[in-house]
Amino acid sequence: MNEDFWINKWQKGEIGFHQAKYHPAVEKFAARFTPGTVLVPLCGKTLDMLYFSSLGQSVIGVELSPIACRDFFIENGIKFTEKSVKDFVVFESESITLWCGDFFKLPQDVWNSVTGIYDRAALVALPEDIRQKYAAEITKRRVAPVEILLISFEYPQGSIQGPPFSVPETEIRNIYKAFESKLIQSETEEVRSTLVTESVYWLHKP
Ligand SMILES: C[S@@+](CC[C@H](N)C(=O)[O-])C[C@H]1O[C@@H](n2cnc3c(N)ncnc32)[C@H](O)[C@@H]1O
């Protein structure tokens, strides 16, 4: 799953992962975050960023596709500016800033302001080796306390061709060893004859 895979998905409009409403787990759990700055890695154009903003959080999204970044602001009627910063194009509005480029290159000064992370369809969008790298990046780049709201999927290995990939609880506890983690919600439903469990975790690095 290289950059071209996702850039092409956005160009062809193959964005079945995008939801036209807030994720129910965000409406239920977003208020848990300490007031500050919520980072949304691999954000696409998720409306959940608007929800965090409505709670008074500053929001920083990171997304490879310029189509996703531009559409987010246009479709939601939000005024924005565009500028180049190092390897990124930065789309900026009053309370939501989208860094368009590779998550793994996000500048350290951006990381320094992050107090919370919202992960929906980010960790599960990545193959196993990159998931390890992704969690290691979060662990090492944010040295001060940080909270994570993580929505993950689990299904019998091989029954669905990812992404989204199945990420079991054991793997989450393993890649986020530096965090205290708690499973706060779990729901199972049948998707095309396969039982898929959506689990919500609250992680905290003191
Ligand atoms: C499955 S989508 C989920 C989008 C969003 N989180 C949501 O819930 O709608 C994964 C997104 O990650 C983006 N992406 C993949 N690899 C990335 C990377 N290395 N850096 C930044 N964005 C990336 C893709 O372009 C895609 O929009």
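**Ground rules.** I am reading a predicted model, where local features need pLDDT of at least 70 and side-chain atom pairs count only at pLDDT 80 or more, while totals for chains, interfaces and linings use all residues. I number residues from 1 along each chain as its sequence is written.

**The sheet.** I took helices (H or I, at least four residues) and strands (E, at least two) as DSSP runs, numbered from the N terminus. Two strands pair if DSSP finds at least two bridges between them. With that, I traced an open, mixed sheet of nine strands in the order β3-β4-β5-β2-β1-β6-β7-β9-β8. β3 (81-85) and β8 (180-191) stand at the edges with a single partner strand each, so one side of each lacks a neighbour in the sheet.

**Two pairings.** I looked at β1 (residues 37-41) and β2 (residues 58-63), which run parallel and are joined by five bridges. There, V40 stands opposite G61 in β2. By contrast, β8 and β9 (residues 194-205) pair in the antiparallel sense over eleven bridges, and E189 has V196 in β9 as its bridge partner. Their hairpin has two residues between the strands, and R192 takes a positive phi near 45° in it.

**Burial.** I call a residue buried if 20 or more other C-beta atoms (placed from the backbone) lie within 10 Å of its own, exposed if 12 or fewer, and partly exposed in between. How many of the twelve residues of β8 are buried? I got zero, so β8 lies largely in the open.

**Helix α4.** In α4 (residues 66-75) I found A68, C69 and F72 buried. Down the helix axis, the buried residues fall within an arc of 100° (taken from the directions from the axis to the C-beta atoms), so they line one face of α4. They pack against α1 (3-12), β2, β4 (88-92) and β5 (96-100). The face turned away from the buried side carries the exposed residues I74 and E75. Just after α4, G77 takes a positive phi of about 60°.

**Two single residues.** For contacts I used C-beta atoms, placed from the backbone, within 7 Å. I148 sits in β7 (residues 146-154) and counts as buried, with 23 C-beta neighbours inside 10 Å. Residues up to four places away in sequence aside, I148 touches I117, D119, F179 and L203. Its C-alpha lies 8.4 Å from that of F33, 115 residues apart along the chain.

Last, I checked S95, in the loop between β4 and β5. Is S95 buried or partly exposed? With 16 other C-beta atoms within 10 Å, S95 is partly exposed. Neighbours within four places in sequence aside, S95 is in contact with S53, S58 and V59.

Definitions and conventions: Contact = placed C-beta atoms within 7 Å.
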